[in-house]
Amino acid sequence: MRNPALAQDPEVDAIERREWLESLDYVLQSGGVARAAQLLRQLDAHARRTGARIPFTANTPYANTIPVSQQPAFPGNQKLERRIKSLARWNALSMVVRANKLSDGIGGHISTYASAATLYEVGFNHFFRGRTDTQQADIVYFQGHAAPGIYARAFLEGRISRHQLENFRRELADGGGLSSYPHPWLMPEFWQFPTVSMGLGPIMSIYQARFNRYLEDRGLKPASDQKVWAFLGDGETDEPETLGAITLASREKLDNLIFVINCNLQRLDGPVRGNGQIIQELEAIFRGAGWNVVKVIWGSDWDQLEARDTDGLLAQRLGEIVDGQYQKYAVEDGAYMRQHLFGSDPRLLDMVRHLSDDDLKRLRLGGHDPIKVYAGYKAAVEHKGQPTVILARTIKGYGLGEAGEGKNITHQQKKLNEDELRAFRNRFDVDLSDEELARSPFFRPQDDTPEMRYLQERRQALGGYLPARIVTAPAIKPNLEPVFEEFYGGTGDRKVSTTMVFVKMLAKLLRDKDIGKLVVPIVPDEARTFGMESLFRAVGIYAHSGQLYEPVDMDTLLYYKEVKDGQILEEGITEAGSMSSFIAAGTAYATHGVNTIPFFIYYSMFGFQRIGDLIWAAGDSRARGFLLGGTAGRTTLAGEGLQHQDGNSHVYSLAYPNCLSYDPAFAYELAVIIQDGIRRMYGEGESVFYYLTVMNEAYEMAAMPDGPAVREGIVKGLYKCAAAPSGKGKLRAQLLGSGAILPEVLKAQTILSEKYGVRADVWSATSYGELYREGHAAERWNMLHPGEKPRVPYVTQLFEGSEGPIIAASDYLKVLPDLIDRWLPRPLVSLGTDGFGRSESRAALRDHFEVDARFVTVATLAALAREGQIDAKVVQKAIKDLDINVEKRNPFVA
Ligand SMILES: Cc1ncc(C[n+]2csc(CCOP(=O)(O)OP(=O)(O)O)c2C)c(N)n1
Ligand SMILES: [Mg+2]
């Protein structure tokens with residue numbers, strides 16, 4: 001064996017390296033890349049056989065992925081593009097500076113777009129395709145904090161007015177303004193996708209790209225080479241949602257998806273990886289996950305140095321510098337860089353001897369060089385079989401100089417003094433005089449200037465402007481009575497659960513000749529929990545590659561059938577991914593002009609509580625469709641305990657302004673609500689979506705009572721479902737129940753009447769949320785219209801002339817029924833499930849949470865006693881008769 005010390009000897013090292021490299025060069029020239037790669041693999045295998053432990057690395061050197069030799073020619077006019085970009089930079093900066101001058105603290109971001117301008121401009125001039133009659137638009141997720149730059153470009157394009165720019169972040173100003181970030185809710189003709197809550201853009205984009213394939217595979221849209229681009233920050237990759245679904249993209253071979261990660265090495269507080277290299281970390285993650293990774297680190301200025309680096313010394317040096325130090329080079333001058341970056345080795349110093357300190361300072365990074373960015377994007381759009389991630393190195397606050405370039409404070413920088421504005425103007429050659437500068441005016445050249453003509457020509461050639469949200473899907477008004485009418489009649493003494501009812505409705509909807517093909521069932525590995533497995537066979541599980549194996553249950557009726565045009569999106573255990581699919585399907589009416597109707601069914605506890613921010617994004621996106629919270633109800637889901645039993649979701653969902661939430665008890669209620677939902681969303685085009693809880697407790701489904709008020713009441717949130725038994729007794733009560741607790745309330749109605757002579761009406765409260773909204777709308781109207789005939793809230797109208805105390809019980813927090821208390825003629829008594837759940841039987845849980853028929857009975861009697869209508873002794877006796885433990889712990893704290 002050779003003396004190991006020899007390896008340390010630089011001369012031996014150089015000779016050995018040269019010999020190996022020459023051999024490799026020979027193979028590359030004579031046998032090509034494939035042969036060289038094969039030999040390298042064989043060498044690796046040989047070394048391992050001899051026991052060498054070669055450390056694993058998923059990384060390539062800290063260098064551009066595309067070598068200069070393979071770089072395509074840049075097809076654009078660089079001079080004009082630089083000019084357009086400079087104008088976009090100026091206007092973006094000016095927008096934020098002016099907004100903060102006018103209204104201190106209004107906020108906005110300069111430095112994100114400053115670092116990303118080239119990444120966007122190359123996209124706008126050469127890649128992002130707009131919608132034409134023959135072309136589907138590319139789908140672009142813009143990084144939220146880069147919004148000023150996107151507005152600035154739209155201003156240059158003539159799509160956004162000067163007035164709007166002036167009112168950036170002042171949306172309520174006269175004539176309208178611009179929203180801080182991408183929000184389709186606020187700018188429905190401009191923004192398509194909300195991205196500013198970090199991590200949501202990336203995960204939504206992955207499922208969007210997959211949904212595009214789904215639509216094609218199912219024949220709902222023609223196949224195309226439409227791309228999905230997602231722009232994100234390097235700091236954003238710390239959010240679990242950002243990286244959590246990347247293997248789906250590679251598994252599904254989504255070569256229609258391109259991530260562009262702006263690696264400016266900084267986030268809000270400081271460096272993303274001060275002591276490491278975020279680009280290398282992300283490269284390893286994405287390569288490991290099966291993505292095509294294109295690193296765009298160094299600009300063309302570095303090509304000459306790379307050409308001189310025959311020994312790989314520079315490459316090695318660049319690979320060992322940590323990001324915190326790279327950031328330091330960005331803020332220091334060229335002399336510092338010479339001393340600290342190249343000064344580590346005299347040979348490196350030699351390599352840059354011909355460059356002045358200023359030259360060194362001007363060595364541009366890849367993400368600021370259109371030639372390198374273009375090369376990366378071109379490689380990405382042409383790549384087949386894998387999604388691509390572009391890791392583009394930039395400087396945060398590029399061009400801000402002393403005002404923040406590369407500094408830790410740059411993310412929050414919103415104000416520039418005159419000197420700083422002048423420096424920025426000079427750097428980007430904006431034609432504004434010193435006098436004009438102080439006002440930081442917006443600047444847009446005349447339409448007939450070469451740069452404006454170029455800008456318009458490029459967009460025309462690519463098919464039109466972007467972003468643009470254009471709704472082309474026609475309204476649909478299917479007659480769904482035949483689907484739903486069987487559910488109006490009730491089930492007699494046959495017991496079923498609302499989940500079973502829902503699955504049956506879904507199956508029927510899937511078979512409907514008008515809308516069947518538009519239905520998109522989405523489930524995160526819970527289909528069997530909800531009894532949906534019959535759908536596997538009936539409509540198939542979507543799998544682009546079909547079924548490459550023989551399923552173990554092939555010989556059964558309900559086998560696990562994966563198929564290319566399968567309709568079910570079986571997402572596996574990811575509520576976040578499923579919700580992203582819901583958003584893609586629920587917005588397809590705008591993105592693709594296709595009215596897909598998503599039904600996403602999941603464990604209700606893992607919805608609003610777990611992925612509330614994605615549901616919020618669905619609302620912002622104007623997504624349509626139905627969320628089904630399955631196994632809902634704190635006491636109805638027996639056995640599963642504290643983490644699973646949901647008594648919260650209807651409280652959370654209240655906060656989502658365009659989400660309509662219902663807790664139906666009977667099949668006919670569900671039928672009325674879904675039918676009305678389809679009408680409102682797909683017939684009337686309302687930007688609302690639905691949250692319905694369905695339960696797994698089987699009981700007899702009542703028949704729909706007669707009368708038009710019933711359907712209306714179901715939708716409004718409350719109606720009388722069982723009038724008090726007739727009789728002469730004076731004692732009266734009004735009982736409200738919802739969901740699976742309604743049958744308990746109906747039992748209490750019987751007990752009260754048979755044992756205590758109380759005649760109670762029973763009301764089904766399908767939606768406290770809708771009642772709350774309606775009541776407040778009426779109050780607000782009254783406040784603003786004094787002297788006019790006041791509007792009477794629906795709840796108040798319903799209880800006019802009613803008698804007796806009012807008791808409400810649900811499987812959710814007591815605060816839910818309390819929402820309507822103020823509009824009732826008498827104070828409400830609420831029973832609910834505040835507190836942590838338990839693994840127990842339904843009966844025990846309802847005793848524990850005090851929501852069963854016994855507690856409804858006692859609560860009613862107690863209220864009557866309070867009003868002096870009965871003696872307290874009656875209540876005491878009832879407590880005893882009904883075997884209620886008065887010393888039990890309060891479930892709220894138990
Ligand atoms: C979920 C979430 N958490 C926190 C924030 C606040 N925030 C806005 S920008 C930012 C830093 C962004 O850094 P990076 O992703 O690297 O983007 P850059 O501006 O550097 O391009 C933070 C923490 C947010 N928008 N969303
Ligand atoms: Mg960053």
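A pocket here is an open set of points on a 1 Å grid over the protein atoms alone, where a 1.4 Å probe fits, with protein on both sides within 12 Å along at least five of seven lines. Grid points are joined across faces, edges and corners, and the volume is the space filled by probe spheres set on the points.

This is a predicted model, in which local features need pLDDT of at least 70 and side-chain atom pairs count only at pLDDT 80 or more, while totals for chains, interfaces and linings use all residues. Residues are numbered from 1 along each chain as its sequence is written.

Lining residues have an atom within 4 Å of a point. For the second largest pocket there are 32 of them, with Tyr207, Leu248, Arg251, Glu571 and Thr574 nearest its centre. Elements giving two or more residues to this lining include helix H7 (200-217) and helix H24 (575-586); helices (H or I, at least four residues) and strands (E, at least two) are DSSP runs numbered from the N terminus. H7 provides the largest share, 4 residues.

The largest pocket holds about 2,000 Å³ of space. Its lining has 49 residues, and Leu24, Leu28, Thr60, Pro61 and Ala63 lie nearest the centre. Among the elements that give two or more residues to this lining are helix H2 (10-49) and strand E4 (292-296). H2 gives the most, with 16 residues.

Note on methods: Chains are lettered from A and ligands numbered from 1 in the order in which they are written. Side-chain values use heavy atoms; hydrogens and water are left out.
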